[in-house]
Amino acid sequence: DLVQCLVERRSIRAYADEPMAKQAFERFLELTARASAVMEIPGLGRVSLRNYPSGGARYPLEVYPFVYNVAGLEPGVYHYHPFYHRLASIACDEQHREQLLERVKLGMGPASEERGRPAALLVISAVFARTCWKYSGIPYHLILQEVGALYQTMYLAATLLNLAPCAIGAFPELAVNELLQLDGRDEAQVGLFVLGVPRPVDPAATEFVIEGVRRLEGSPFSPDPDRASLELSFRGGLKEIVDLDQLRVERSPDGSMVCRVMRGRHRAELSPTAEAQLSPWLHARREGA
């Protein structure tokens, strides 16, 4: 449901080798970018209704899928038509398409080669005139707000469909404009979204190791000054602050102590040192101290 999608929503950057199902890709586009109805409104003219908001219902955004590994769909570059719910092929050199993918993977952080290949890149452009004719002084701000709304809609739809979503902040705008033959003034790239099939994860596998636990006075999650929180120090330097009352730990079959971290998204194992540091506070919590 919606609550579950909100809780589980996250950027995923590791992909399985299998292709994305064409039905899943079609459903994703339908839930995120399709125009579901058309209305005539006095003073605005003809407007469409979609699953994300747009200033004045102008909907200046266009979606260009760069397809790499979708079953039953020829690899290439397409334009998505939100009213017809169809893809129209766009001529593009395969080498340039592959270079864009490599550039995007580099922007997703180190060890990109070990993460596999996404199934598609969704280039998002804006046709500025659709918003500019109605709004003076703020059209670009409205367009960027709309990109954010579309991103969140894409994240939720991808989570619902068990796909791997990731919005990209640094994208080669000028190169993409050239690939799609956009002039950069009337229409230009304003977003980039990566989509793929997530790499399978063993739910029993521990993804992090907690090497140290430190008690903090007060909690960022409660105004109660007597409420305590814990600082968890992970191997590799990452840290997380959790509310002591919300921390849940258990014993794994091998006897180690494990807990869920980062809003419950990951499973972490406590080192012997961290377990020794944590045990007195867990005991005091059970005793109501």
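Here are some friendly notes on this predicted model, point by point.

1. Overall make-up. The protein has 289 residues, and 45% of them count as buried. Its secondary structure consists of seven helices and 14 strands. The C-alpha trace spans about 65 × 45 × 30 Å along its principal axes. Among contacts with a separation of 6 or more, 62% are between residues 24 or more positions apart. The accessible surface comes to about 15,500 Å², with 53% of that belonging to carbon and sulfur atoms.

2. The largest nonpolar core. This core holds 37 residues, and Met20, Phe25, Phe28, Leu61, Phe193 and Leu195 have the most contacts inside it. At least two of its residues come from each of helix H2 (22-32), strand E3 (61-67), E4, strand E6 (120-127), helix H5 (139-160) and strand E8 (187-196). Helix H5 gives the largest share, eight residues.

3. If you set aside neighbours within four places in sequence, Met20 is in contact with Phe25, Asn69, Val70, Ala71, Ala119, Leu163, Leu195, Gly196 and Val197. Apart from the core of point 2 lies another of 22 residues, including Ile12, Ala164, Leu179 and Leu180.

4. Helix H6, worth a look from both sides. In H6 (residues 173-180), the buried residues are Val176, Asn177, Leu179 and Leu180. They lie on the same side of H6 because they cover an arc of only 160° around the axis. Leu174 and Glu178 are exposed on the other side of H6. The buried residues of H6 pack against E3, E4, E5, helix H3 (94-107), E6 and E8. Just after the helix, Gln181 takes a positive phi of about 60°.

5. Salt bridges within H2. The structure holds 12 salt bridges. One of them joins Glu30 to Arg27, with the closest N and O atoms 3.0 Å apart. Both residues sit in helix H2, three residues apart, or about one turn of the helix. Glu30 has a relative accessible area of 27%, so it is partly exposed; Arg27, at 38%, is partly exposed too. A network of salt bridges links Arg27, Glu30 and Arg34.

6. The side chains of Arg130 and Glu62 meet in a salt bridge, at 2.6 Å from N to O. Arg130 belongs to helix H4 (residues 129-132) and Glu62 to strand E3, so the pair ties together parts that are 68 residues apart in sequence. Arg130 counts as partly exposed because its relative accessibility is 28%, whereas Glu62 is buried, with a relative accessible area of 9%.

7. Lys239 and Glu231. These two form a salt bridge whose closest N and O atoms are 3.9 Å apart. Lys239 is exposed, with a relative accessible area of 52%, while Glu231 is buried at 12%.

8. A nonpolar patch at the surface. Val38, Phe83 and Tyr84 make a nonpolar surface patch of about 330 Å². Tyr84 is found in the loop between strand E4 (76-81) and strand E5 (86-90). Its relative accessibility is 57%, so Tyr84 counts as exposed.

9. The start of the chain. Leu2 lies in helix H1 (residues 2-8) and is exposed, with a relative accessible area of 56%. The C-alpha atoms of Leu2 and Thr159 are separated by 9.9 Å, although the two residues are 157 apart along the chain.

Definitions and conventions
Residues numbered from 1 in each chain as written. Predicted model: local features only at pLDDT ≥ 70, side-chain atom pairs only at ≥ 80, totals over all residues. Heavy atoms only, no water. Patch = residues over 30% accessible without salt bridge, like charges linked within 9 Å, V, L, I, M, F, W, Y side chains within 5 Å. Areas by Shrake-Rupley, 256 points an atom, 1.4 Å probe, with all protein chains shown as cover. Salt bridge = Lys/Arg side-chain N within 4 Å of Asp/Glu carboxyl O. Helix = DSSP H or I, 4+ residues; strand = E, 2+ residues; numbered from the N terminus. Buried < 20%, exposed > 50% of the residue type's maximum accessible area, 1.4 Å probe, protein only. Core = buried A, V, L, I, M, F, W, Y, C linked by side-chain atoms within 4.5 Å. Contact = heavy atoms within 4.5 Å. Arc of directions from axis to C-beta.
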